[in-house]
Amino acid sequence: MSTRLEEQIRAEIVEAGRRMYDRGFVASNDGNISARLDEKRLMTTPKSVSKGFMTPDMMVVVDYDGNKVSGDRDASSELPMHLEIYRNRPDVNGVVHAHPPTATGFAVAGIPLTRAVLAEVITTLGSIPIAEYGTPSTAELPEAVRKYIKAHDGMLLANHGAVTCGPSVMAAYYKMETIEHFAKISLVARLLGREHLISREEVERLQGLRGYYGIAAPAPLCTDPDMPQDADQVLCQVLEAPESSTVRLVPDDTGAVPRPVGDARSALAAASRDGEIRLTYGELTALIADAIKQLRD
Ligand SMILES: [Zn+2]
């Protein structure tokens, strides 16, 4: 690989770090970015540095066992997670790890982003599962990521953050943006009380357009959603998309979404003065919004 290309990758990592910091995807010295240089070496961000203020000379070059090849600083403590991704995905040349607040909120709540609701997300990432909790900087985290990485370009990390990969550093970074954007939209839809799901037929149509947009498909949809969960490594994606030959958007106001305000009110009315009232977060939010509306009217 030419030095010029290496310089270009250094600049790309600096740029991705700056955007990640500016968008609030990381605080303090959080997050890390890496790029494949060739079959023997990769480049990674240094530890203990804000990703918003890096310079190209700060990067660390390591081999695929994690040994330092060159650079004045030490490599990121999450390097083993990056190495695991490169080992499993020969097509990947860039990996980004951050803690974007809304997506991380979903990761903390244990709610994966696996519902078919946005065409763009279905086309680029498909489903976004949650990798099991692993202590940061230990072998647990790469092991948790290993389970999903063959079939997913992005995933949430339980009670931690998110990780994305792609054919370049910027491609991986853009997937991180997409995940956070998707998480924000999902949160608003759930606060509003319902999500219309895109039908499985339409999902297949959208995935069929990937070639047209030049997007490589991470993996096919699972035909048996229960099957891959038990596997050591999942090889297909579980996407919540109901079958429908008549409509492309399937109304869904059950399950994880909150009851309408009226139902929450009757739950309150049904409870005795000293009785226990159980409300979901969505129901409580709906009640507060309703009370504010009544005050305004
Ligand atoms: Zn982290």
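These notebook entries record what I looked up in this predicted model.

**Ground rules**

The model is predicted, so I kept local features to pLDDT of at least 70 and side-chain atom pairs to pLDDT 80 or more, while totals for chains, interfaces and linings use all residues. Residues are numbered from 1 along each chain as its sequence is written, and side-chain values use heavy atoms, with hydrogens and water left out. Helices (H or I, at least four residues) and strands (E, at least two) are DSSP runs, numbered from the N terminus.

**Entry 1**

His99 sits in the loop between strand S5 (94-98) and helix H3 (101-109). His160 sits in the loop between strand S7 (154-157) and strand S8 (161-166), 61 residues apart from His99. The pair thus links distant parts of the chain.

I then checked burial. Buried means under 20% relative accessible area, exposed over 50%, and partly exposed in between (1.4 Å probe, protein chains only). His160 is buried at 11%. His99 is partly exposed at 23%.

**Entry 2: the sheet**

Next I traced the strands. Strands of a sheet pair through backbone hydrogen bonds, either parallel or antiparallel. I count two strands as paired if DSSP finds at least two bridges between them. What is the strand order of the open sheet? The eight strands run S4-S3-S2-S1-S5-S8-S7-S6, with mixed pairing. Strand S4 (68-70) and strand S6 (130-131) are the edges, and each pairs on one side only.

I looked at two of the pairings. S5 and S8 are antiparallel over five bridges. Gly94 has Gly166 in S8 as its bridge partner. S6 and S7 run parallel and are joined by two bridges. Ile130 stands opposite Leu156 in S7.

Which way do the S7 residues point? Gly154 and Leu156 point one way, Met155 and Leu157 the other, and all are buried.

**Entry 3: helices on the sheet**

For packing, contact means heavy atoms within 4.5 Å. Axes are lines fitted to C-alpha atoms, for helices over the stretch in contact, and angles run from 0 to 180 degrees between N-to-C directions. Helix H5 (residues 140-149) lies across S6, S7 and S8. Its direction is at about 145 degrees to S7. H6 also packs on the sheet, touching strand S1 (32-36), S5, S7 and S8. H6 makes about 140 degrees with the direction of S8.

I checked the length of H6 (residues 169-192). Gly193 follows H6, with a positive phi near 110 degrees.

**Entry 4: aromatic rings**

Rings of Phe, Tyr and Trp (its six-membered ring) pair if their centres lie within 6.5 Å; planes under 30 degrees apart count as stacked, over 60 as edge-to-face and the rest as tilted. How many aromatic pairs come out by this rule? The count is four. One of them, Tyr21 with Phe53, is edge-to-face, at 5.3 Å centre to centre and 65 degrees between the planes. Tyr21 is in helix H1 (residues 3-22) and Phe53 in the loop between strand S2 (41-44) and strand S3 (60-63), so the pair ties together parts 32 residues apart in sequence. Tyr21 is partly exposed at 30%, whereas Phe53 is exposed at 58%. Ring pairs also link Phe25, Tyr173 and Tyr174 into a cluster.

**Entry 5: single residues**

Ser48 is not a glycine, yet its phi is positive at about 60 degrees. Ser48 lies in the loop between S2 and S3 and is exposed at 56%. Asn159 also has a positive phi, near 50 degrees. Asn159 is in the loop between S7 and S8 and is partly exposed at 48%.

Last, I looked at Gly17 in helix H1. Is Gly17 buried or exposed? Gly17 is buried, at 0% relative accessibility. Not counting residues up to four places away in sequence, Gly17 touches Ile33, Lys51, Gly52 and Met54.
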